[in-house]
Amino acid sequence: MHAISYSHVMQGFPNFFCQPNLREDKLQPRDFHILFVPRRSLLCEQRLKEKGVLNSFTNIDEYILDLIPYDGDLLSMESESSFRECYLENDQTSLYHAAKGLMTLQALYGTIPQIFGKGECARHVANMMLRMKREFAGSQTQILPVFDTLLLLDRNVDLLTPLATQLTYEGLIDEIFGITNGYVKLPPEKFAQKKQGEGGKELPTEPKKLQLNSAEELYAEIRDKNFNAVGAALSKKAKIISAAFEERHNAKTVGEIKQFVSQLPHMQAARSSLANHTSIAELIKDITTSEDFFDSLTVEQEFMTGVDTDKVSTYIEDCIAQKDPLIKILRLVCMQSVCNNGLKQKVLDYYKKEILQTYGYKHILTLKNLERVGLLKPQSTMRNNYPTIRKTLKLWMEDANEQNPNDISYVYSGYAPLSVRLTQVLARPGWRSIEEVLKMLPGPHFEERQQVPTGLHKKRQPGENRTILVFFLGGVTYAEIAALRFLSNMEDSGTEYIIAATKLINGTSWIKSLMDSPEENLP
Amino acid sequence: PTIKLYKDFNICYILVDDDDEDEEDVERVSWSGEPVGSISWSVKETASSIRSGSEQSFPKIDTTPSLSKQGSGYSLSSLFKAKSKPGAFQSFSESFSDTSSRTYAPELRKPKSDGKDVVSDLSPEETVRRMQKGRAFSLEKFRSLQDKLLLLDEAVAVYDGNVITAVLIFLKKSLSKEILFRELMARDVALRHYVHYLKEMGEQKLLVELLKALGRTEDMALMHYKEHLNIKDESRRRDFLKSCLSLPFSQDDATHVQDHYTLLERQIIIEASDKKAVAEIFKKFPRKASILNMPIITTLYYSCFYHYGESEGTFSSPSNIRKTFRISEKQYILTALGARAKLKSWFDVDSLFNTKNWLGYTKKRSPIGFHRVVDILHKNSAPVQVLQEYVNLIDNPDLKLGGALKYKCHDIVINTYRDLKDRQQLIVYREKLERDSPEYRKIQELLNNVQIRWKN
């Protein structure tokens, strides 16, 4: 028996096919099957038909994977092209799959009684959900609803957050090294095993691969902290682990020794986990303490607070002159444009010229794409509402406390992600209080209610939390996830958040998805 | 046999590791984890169709049809044993009827459409439903234009991109281009899908025609231009770019494309001649890469490096490139500085900053701050005397002092502290110097000068 699966076929039109050896094996005739993951594509079948091989397959089916759990409170569709498709190509197929994923979720966890949304895509998904529910009316689930509310948010309601450099531990790991499917690949030098008694050890050449999720106790503790608070947490942990190992001196009786020994594996795991994260933190620190990082962050914060967003930034100019990586430049100019609601024509033309001259004319395609999705555009006659939004929603918190945060703005050391702020206000006191601001943000906002079978209405006990599922249509960053977790953990917040998204993104991967021909060597 | 089955969030993941010849050892389990054939499993199966709902163990998956597939209890191996029917999709439900283990699986609730045997008798709605579920379907029976449009509208209504695309493929084959375009223009969603489909399939010609018909001329132009990325041969690429010049770009983009063409054209000429590497400089500093397809600034740097001082008449001269591509003074000086500094041509660097003021005197001017000039010179290992000269030109006193300290321009430091009348700093700085060096003695002299009124 063979199982062949395509990974990442998507709506995709693979021009490569994994070529199983179709050579006839006379002795052992083989059956070939296709299992489309995450779903079958009629277009793929069409291509196979064209190539004349469709009928060679014994079975063709799909294994539907809509929402993949990445952690206890995190689901992702891992649909890389979703943002590009929805906001650039105007192809909203991935939203259909989001709706289907949500239907599956409701089948397992009960109808969600309340749906809130902001944005065109959110509206679309909600409509599809309601329609799908109508089509299967009569087949009500008898499950007590787990979720109280679903919040659908378009990524383009908050274009600013993914552009900013994340400052949580996990966010920085993603920004610098890239987390893929819960794994990160790190430069191996710092992780070389120091074996006792060995002198000259050969340095490992394979990157060190580490799995990152909340099953690792230490990681769960530090992942959402602002990076500047991680050092203290690590040294605290180091003391605890040291003390635990010292206990061996206190173990006198056989029973005590036995108990100590039984704890050893756990302690050793904790120690190895500590070693790994200390190394990672050191790697990150090398970057965050660099002058360049500091300068870049300063400019980001200036833009976010509205300083000098209407003129050419000398820092960006210098970076282009030094031929810094193009994506870094694009993130910064887009940020300036978003914070200024579009750049003055002269400023925009200047940046464009510098970019095209330094990185190549082919990038007019990318610049066009960025303009289309609203990231880098000329100023329109409409006034810049960003300062009002920032003030009303308190997006900039001057006194953000990195060590002991009291507000979500700690994830960017001062900037509260707009998307999470909207979520926060929805829970308490509700969106009615920010009607004016909501109107300034793109797309409709709405509320829908779904019928829950009588008898299944959740009777909330006093002190029991509401569970809200927040679905980011177009991608979510680890910093936003950290901010939502912070809200869940806040005392008497009364709400617990589960996060879903079409994709886990960071500014770099996000901008990259909007570039045409990223394979061509990027300087 | 190495099938690992594990559950997370009530969803089963199955990993198949390697070749599995022996099927007998594989345990057949249902999606809910019960071994197929066990009593509890068959009880559950029966219960799912009656829906008694009293079971505690698992929520019943019985709503959307796509999930009903998961509700059936078949192991992977039994799926793969199903016989194929020639010429049609092997649909999931059809494979049920072939396997003997079906005898004790109760009938799953089947949608009404399954009652129809003849596939070709289906309405647009029913056809679309079948397509969504992966069942066999036939579009050929939709002959009239009206039927086809109904089918398309139905596909759009359910919003399944897969289905919309499949219908569009069918319409593409069975309708004339003009009619299809006309109908699509009235159907925004279908149109978008079609554009996306053509893009993915690389059907440039058709896409360009469609965009033209839609009046999206700029998009059409950019789409066409994008093709240049697929042309590796530089001469063909140049010719292709030339053909793009007449396309309806926006004014801005038109200029850029023109520049792109001109640049590549010139790069080809320069490359052809430089490859021969005749001149001395190519022997001393062999080229690391070809100049083809490099951005303009890189080309300018190359030109400042290998062709500095050539007359404006040649394509390879920096002044020609500067003029043709309208490079700003700032960019030009920065680039030329980098190139000449790399070659340690301090004299050339000097000339870059010389301007004659209105009285005819030469003075030094720079569109970029001199502190940056110093940085670049330092990166290229300029000697202290050279660095000192430019540190002296820094306007801002803090930057100037900073630069002097950083690059050990002792005289400037000493003079600055002297002008600031800062005795303490002079003393501190003196300790950094070698005894009996001229600078050391200079400080000594200053310190001994009774006429200076020190502030500390």
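Author: We begin with a definition: a polar contact is a pair of N or O atoms within 3.5 Å, where within protein one must be able to donate a hydrogen and the other to accept it. The model here is predicted. Between domain 2 of chain A and domain 3 of chain A, eight residue pairs are in polar contact, both residues at pLDDT 80 or more. On the side of domain 2 that touches domain 3, the residues divide into two nonpolar, two polar and three charged.

Reader: Into which domains is chain A divided?

Author: Chain A has domain 1 (2-62), domain 2 (68-164 + 402-510), domain 3 (207-280) and domain 4 (291-384). The C-alpha centres of domain 2 and domain 3 of chain A lie 34 Å apart.

Reader: How many residues of domain 2 of chain A are in contact with domain 3 of chain A, and what area do the two domains bury between them?

Author: Seven residues of domain 2 of chain A are in contact with eight residues of domain 3 of chain A. The two domains bury about 730 Å² between them, with 31% of it on carbon and sulfur atoms. In domain 2 of chain A, Asp71(A), Glu402(A) and Gln403(A) lose the most area to domain 3, together 53% of what that side buries.

Reader: How are salt bridges read?

Author: Side chains of opposite charge can pair when their charged atoms come close. The structure holds 47 salt bridges over all chains. Asp71(A) lies in strand 4 (residues 68-71) of chain A and Arg223(A) in the loop between helix 6 (217-222) and helix 7 (230-246), so this pair ties together parts that are 152 residues apart in sequence. The N to O distance in the salt bridge of Asp71(A) and Arg223(A) is 3.0 Å. Between domain 2 and domain 3 of chain A, the count is two salt bridges.

Reader: And aromatic pairs?

Author: A pair of aromatic rings is described by the distance of the centres and the angle of the planes. Over all chains, a search of the whole structure finds 18 aromatic pairs. For Tyr194(B) and Tyr197(B), the ring centres are 6.3 Å apart and the planes at 25°, so the pair is stacked; planes under 30 degrees apart count as stacked.

Reader: Why are Tyr194(B) and Tyr197(B) separated by about one helical turn?

Author: Because they are three residues apart in helix 9 (residues 188-201) of chain B.

Reader: What should I look for in the backbone?

Author: Most residues other than glycine have a negative phi, and most peptide bonds are trans. The peptide bond from Arg428(A) to Pro429(A) is cis, with omega near 5°. Pro429(A) is in the loop between helix 15 (418-427) and helix 16 (435-440) of chain A. Lys323(A) has a positive phi, near 60°, and lies in the loop between helix 10 (314-321) and helix 11 (326-339) of chain A.

Note on methods:
Residues numbered from 1 in each chain as written. Chains lettered and ligands numbered in written order. Predicted model: local features only at pLDDT ≥ 70, side-chain atom pairs only at ≥ 80, totals over all residues. Heavy atoms only, no water. Domains from an automatic or database assignment. Contact = heavy atoms within 4.5 Å. Buried area = accessible area lost by both parts, 1.4 Å probe. Salt bridge = Lys/Arg side-chain N within 4 Å of Asp/Glu carboxyl O. Polar contact = N/O pair within 3.5 Å; in protein donor to acceptor, adjacent residues only side chain to side chain. Nonpolar A, V, L, I, M, F, W, Y, C, P; charged D, E, K, R; others polar. Phe/Tyr/Trp six-rings, centres within 6.5 Å; stacked < 30°, edge-to-face > 60°. Helix = DSSP H or I, 4+ residues; strand = E, 2+ residues; numbered from the N terminus.
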